[in-house]
Amino acid sequence: MTTSTTDSTPAPAAERRSWLRDHSELGICALLLALGVLVLTDALTMDVDIAQRGPVGPRTVPIAVGVGLLVVAALLAADVLRGGRGQAESGEDVDLSEPADWRTVLLLTGVFLGAAVLIEPLGFPIAGALLFWGAAFALGSRRTDRDPLIAAVVSFVTYAVFNHLLGVPLPGGPLMGVL
């Protein structure tokens with residue numbers, strides 16, 4: 001009598017992949033945990049002048065945010081390990097069976113990196129206009145008569161609000177004397 005040595009149980013690597021796929025929300029927990037630790041580390045090592053101390057100092061909000069991130073990470077991990085799952089998107093007009101549009105993601109990444117590189121030499125108004133116009137293009141707008149104008153207006157208004165009303169200095173670039 002010969003018995004078969006093949007077993008119908010999956011291989012250990014396949015079991016790990018299946019378990020990780022079923023508990024993929026733990027990646028968000030790990031991200032929240034790392035972010036909470038980073039925020040708390042920065043807050044607790046912050047150099048605070050004695051004259052600035054009081055009941056609510058510059059460490060209060062970062063410590064509260066860091067502790068909140070750690071609590072949310074722990075609660076989410078506990079829920080996921082108990083079998084909780086995130087709900088599928090049903091309220092949006094998105095087909096979740098379709099793959100990600102990597103062309104758009106890469107275009108947006110290029111636009112953001114380009115704006116980050118150009119903000120110092122060109123200033124925020126020009127780099128911001130290129131950022132807004134590039135983002136609109138990457139997301140599918142092809143209105144070359146309207147998009148650059150809207151991008152320039154949004155960028156200049158943003159610059160004016162931050163620089164003049166809020167007192168947050170943004171690089172003006174070659175337009176510094178004009179603005």
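**Note on the predicted helical model**

1. The protein exposes about 13,200 Å², and carbon and sulfur atoms supply 67% of that area. Accessible areas come from the Shrake-Rupley method with a 1.4 Å probe. This is a predicted model: local features need pLDDT of at least 70, side-chain atom pairs count only at pLDDT 80 or more, and totals for chains, interfaces and linings use all residues. Residues are numbered from 1 along each chain as its sequence is written, and side-chain values use heavy atoms, with hydrogens and water left out.

2. The protein has 6 helices and 0 strands. Helices are DSSP runs (H or I, at least four residues), and strands are E runs of at least two, numbered from the N terminus. Of the 179 residues, 20% count as buried (under 20% relative accessible area, 1.4 Å probe, protein chains only).

3. Helix α4 spans residues 102–122, 21 residues in total. Its C-alpha span, first to last, is 29 Å, close to the 30 Å expected at 1.5 Å a residue (1.5 Å times one less than the number of residues). α4 bends by about 30 degrees at Ala116; the bend is the angle between axes fitted to the seven residues ending there and the seven starting there. Just after α4, Gly123 takes a positive phi of about 90 degrees.

4. Thr104, Leu108, Val111 and Ala115 of α4 are buried. An α-helix has 3.6 residues a turn, so residues three or four places apart point the same way. The cover over the buried residues of α4 includes α5 (124–138).

5. Arg142 lies over the face of Phe137, 3.8 Å from the ring centre (cut-offs: CZ of Arg or NZ of Lys within 6 Å of the ring centre and within 35 degrees of the ring normal).

Notes. Buried means under 20% relative accessible area, exposed over 50%, partly exposed in between (1.4 Å probe, protein chains only). Contact means heavy atoms within 4.5 Å.
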